[in-house]
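Hi,

Here's the structure I promised to pass on. Have a look, and my notes follow below.

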Amino acid sequence: MSIVEAKNVKYAYKSKDEDGKEKEPVFALDDVSIDALEGEFIAILGHNGSGKSTFAKQLNALLVPDEGTVFIAGMDTSEDEHTLEIRKTAGMVFQNPDNQMVASVVEEEVGFGPENIGVPTDEIWERVENALNAVGMYAYRESNPSRLSGGQKQRVAIAGILAMLPKCIVLDEPTAMLDPKGRRDVLEVLHRLCDEQGVTIILITHNMEEVIGADRIFVMDKGKVVISGTPAEIFSNVEEMQRLRLDVPEVTKLAHELKNRGIKLRDGILTAQELVEELKGCNIIAQQ
Ligand code: ADP
Ligand code: MG
């Protein structure tokens, strides 16, 4: 079943000129169609200004389409009566973890969401415990969030969303402000939630290395989806990615260079392991 189904979405931010007249709309989203099935790991890739955040905000009805439709678990985001249920179904995690923290103790932070929607107290504690375990932060339940590292804070923010028992988590560049270890930890948590709990993940990022493990990738440019497919399909086309001013994973680049120099390798090699296997097939490195 589709958890996210955005079809032909157009959206323009309204603005006025000095005389107070509405300016010509510039579409931040221009005919965007993106879907996610239950339990899928979807990555949305694109450089600054391509419309990623505008799209993310459509997924929990912070914004609604000017044209086209967005359905979350079958609910139309443009119908007000679904807004609360949509926000419970698709939780959002943003770039800066500091802006998302309200409490002075981790477990209160995580319990805040369920408390707000009237979950009974006993159940709140159970949800908080499960959510903190799921992100590997249970040991920090009594800590002050402000003392945690960026990666730990983001994992607490993810736990806060998990405690709402969402079907889907939308993360808008959650690792942009983190160090490499923080990034790895957050990514690992997201894959675990997806694999073990079947939570649909929509990860927005401009970091190539983070999308390698996704089921499908949508690449955005100037408000449009310009390419979509599996990671292997997307990164088969190194030149196209570079034309879109997007980098490709280092290993993919190396494989592409080797291919250009006449070594017969398939396209879309993403990991060092895959490259080694391919090179073995070429008899360039010794079989073990
Ligand atoms: P991304 O997240 O990929 O960097 P955004 O969705 O933030 O892209 O922005 C897409 C386009 O919409 C950009 O041209 C940006 O300048 C414009 N935009 C974003 N937010 C606003 C806003 N609040 N008001 C007017 N224009 C905006
Ligand atoms: Mg953005």
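Let me start with one pair: F218 sits opposite S228 in β10. The two strands involved, β9 (residues 216-221) and β10, run antiparallel and are joined by 5 bridges. (Helices, H or I of at least four residues, and strands, E of at least two, are DSSP runs numbered from the N terminus; strands pair if DSSP finds at least two bridges between them.)

Before going on: this is a predicted model, where local features need pLDDT of at least 70 and side-chain atom pairs count only at pLDDT 80 or more, while totals for chains, interfaces and linings use all residues. Residues are numbered from 1 along each chain as its sequence is written, chains are lettered from A and ligands numbered from 1 in the order written, and side-chain values use heavy atoms, without hydrogens and water.

The sheet is open and mixed, with 6 strands in the order β6-β7-β8-β3-β9-β10. β6 (90-93) and β10 (224-229) are at the edges with a single partner strand each, so one side of each has no neighbour in the sheet.

Now ligand 1. Its surroundings include H47, N48 and T54 (near means a heavy atom within 4 Å). Its polar contacts (N or O pairs within 3.5 Å) include one at 2.8 Å, from a ligand oxygen to an N or O atom in the side chain of K52. Another ligand oxygen contact, at 3.1 Å, goes to a backbone N or O atom of G51. Helix α1 (residues 52-58) gives the largest share of the shell, 3 residues.

Cheers

Definitions and conventions. Polar contact = N/O pair within 3.5 Å; in protein donor to acceptor, adjacent residues only side chain to side chain.
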